[in-house]
Amino acid sequence: MLHVAIVEDEEFYREQLEEYIRRYAKEQGIQVMTAVYEDGSQLADCYKPGYDIVLLDIVMKGMSGMETARRIREADDSVVLIFITQMSQYAIDGYAVGALDYILKPVDYEGFSMHFSAAVTRVQNRSSKTIMLPLPSGMVRLRTEDIYYVEVQNHDLHYYTVNGVYRIRGTMQGAEKMLAPYFFVRSNYWYLVNLAHVSEIDRNIVVVGGYRLEISRRNRADFMKAVTDYIGGNS
């Protein structure tokens with residue numbers, strides 16, 4: 001799942017960008033969680049790494065998009081920044097904060113889609129890590145982003161992925177150690193969840209890639225904190 005922030009002080013453009021992202025996600029068959037801010041300080045003052053892409057208006061009341069970007073970069077050197085502006089000369093300053101691109105207003109969907117697709121590709125190339133799983137018949141290489149969750153049953157691990165389920169011999173402790181750098185967290189004793197695929201939490205149930213998994217009372221506090229930290233404190 002992609003986590004995207006929109007920082008725009010004009011309601012028309014905020015709603016337009018949200019609609020374009022929903023349309024893009026539907027066309028590409030991907031999941032996107034979007035957070036919206038009306039002012040740069042709303043994001044910058046509480047920013048924590050967790051967003052994949054931030055769309056920033058440059059000229060806003062209060063904190064400008066450029067200052068917001070500088071504040072973000074102090075805490076996060078990998079998030080993809082895209083500026084939204086009415087005047088292209090402003091975007092030149094974007095190179096100082098490592099912005100990927102800029103989109104000129106008025107924003108049409110075709111142009112937006114092209115720029116946003118480049119940002120998505122940048123995120124995917126950055127976050128795509130692979131692991132090797134030993135199967136009874138050989139080996140399989142998996143991208144960590146393609147794993148929904150891992151389930152332990154007796155002495156077997158079941159990897160639920162976008163390409164199906166793989167079963168291997170192993171321990172949950174071993175899987176947890178291997179996948180911890182890629183934001184996998186236990187929701188209970190049996191499930192190790194990829195936070196990138198969490199789409200909903202309803203009381204003691206977390207929805208991961210369409211699967212409904214239990215959150216145990218014992219794990220709930222740590223799991224919820226992990227989810228909150230992952231998405232930068234904005235679910």
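The model is a predicted one. Five of its strands form an open sheet with parallel pairing, in the order β2-β1-β3-β4-β5, while strands β6 and β7 are joined to each other in an antiparallel arrangement.

**The parallel sheet**

- The edges of the sheet are held by β2 (32-37) and β5 (101-104), and because each of these has a single partner strand, one side of each is left without a neighbour in the sheet.
- From one strand to the next, the twist averages 20°.
- Strand β1, which covers residues 2-7, runs parallel to β2 and is joined to β2 by six bridges; within this pairing, His-3 has Met-33 of β2 as its bridge partner.

**Helices on the sheet**

- Helix α1 (residues 11-28) packs on the sheet, where it touches β1, β2, β3 (53-57) and β4 (80-85), and its direction makes about 175° with that of β2.
- Helix α3 (residues 65-75) also packs on the sheet, touching β3 and β4, with a direction that makes about 175° with that of β4.

**The β6-β7 hairpin**

- Strand β6 (residues 130-135) is connected to β7 (residues 138-143) by six bridges, and the hairpin between the two strands passes through two residues.

Key. Residues are numbered from 1 along each chain as its sequence is written. This is a predicted model: local features need pLDDT of at least 70, side-chain atom pairs count only at pLDDT 80 or more; totals for chains, interfaces and linings use all residues. Side-chain values use heavy atoms; hydrogens and water are left out. Two strands pair if DSSP finds at least two bridges between them. Helices (H or I, at least four residues) and strands (E, at least two) are DSSP runs, numbered from the N terminus. Axes are lines fitted to C-alpha atoms, for helices over the stretch in contact, and angles run from 0 to 180 degrees between N-to-C directions. Contact means heavy atoms within 4.5 Å.
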